[in-house]
Amino acid sequence: MEEGVVRLRVEVLASGNAGKVRLRQSSGSATLDAAAVEDVKKFKFNPARTKSGRTVSSWVDLPVKYVLAD
């Protein structure tokens, strides 16, 4: 089993779904990196909002940490 932190750049669409997902920093494991990208694509985010309350797309930096548990 592997563990580590994958740092991603994620486009959060106005719908709250993930758009583009880019690898910013590898965990050192191609398996964990690929799993993080696929997992984040399934996330539902709270999208950014304008002052008037309209939802808009934005980009966020997201660390994904994989830790082995006993």
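Residues are numbered from 1 along each chain as its sequence is written, and side-chain values use heavy atoms, with hydrogens and water left out. Because the model is predicted, local features need pLDDT of at least 70 and side-chain atom pairs count only at pLDDT 80 or more, whereas totals for chains, interfaces and linings use all residues.

**View 1. The largest nonpolar core, seen around L8.** Of the 13 residues in this core, L8, V10, V21 and V40 touch the most other members; a nonpolar core is a set of buried Ala, Val, Leu, Ile, Met, Phe, Trp, Tyr and Cys residues joined through side-chain atoms within 4.5 Å. Two or more residues each come from strand 1 (4–12), strand 2 (18–25), helix 1 (30–40) and strand 5 (58–66), where helices (H or I, at least four residues) and strands (E, at least two) are DSSP runs numbered from the N terminus. Beyond its neighbours within four places in sequence, L8 is in contact (heavy atoms within 4.5 Å) with residues including V21, L23, V37, V40 and L62.

View 2. D33 is buried yet has no salt bridge, and R7, the nearest side chain of opposite charge, is 10 Å away; buried means under 20% relative accessible area, exposed over 50% and partly exposed in between (1.4 Å probe, protein chains only), and for charge Lys and Arg count as positive and Asp and Glu as negative, with His and the chain ends not counted. The D33 side chain instead makes polar contacts with the side chains of S26, at 2.5 Å, and S27, at 2.9 Å, a polar contact being a pair of N or O atoms within 3.5 Å, of which, within protein, one must be able to donate a hydrogen and the other to accept it, while residues adjacent in sequence count only if both atoms are side-chain atoms.

**View 3. The salt-bridge network of R9, R24 and D61.** A salt bridge places a side-chain nitrogen of Lys or Arg within 4 Å of a carboxyl oxygen of Asp or Glu. The closest N and O atoms of R9 and D61 are 3.0 Å apart, and this pair links strand 1 to strand 5 across 52 residues. For R24 and D61 the closest N and O atoms are 3.3 Å apart; R24 lies in strand 2 and D61 in strand 5, so this pair ties together parts that are 37 residues apart in sequence.

**View 4. The aromatic pair of F43 and F45.** The ring centres are 5.8 Å apart and the planes lie at 55 degrees, so the pair is tilted; rings of Phe, Tyr and Trp (its six-membered ring) pair if their centres lie within 6.5 Å, with planes under 30 degrees apart counting as stacked, over 60 as edge-to-face and the rest as tilted. F43 is partly exposed at 36% relative accessibility, whereas F45 is buried at 16%.
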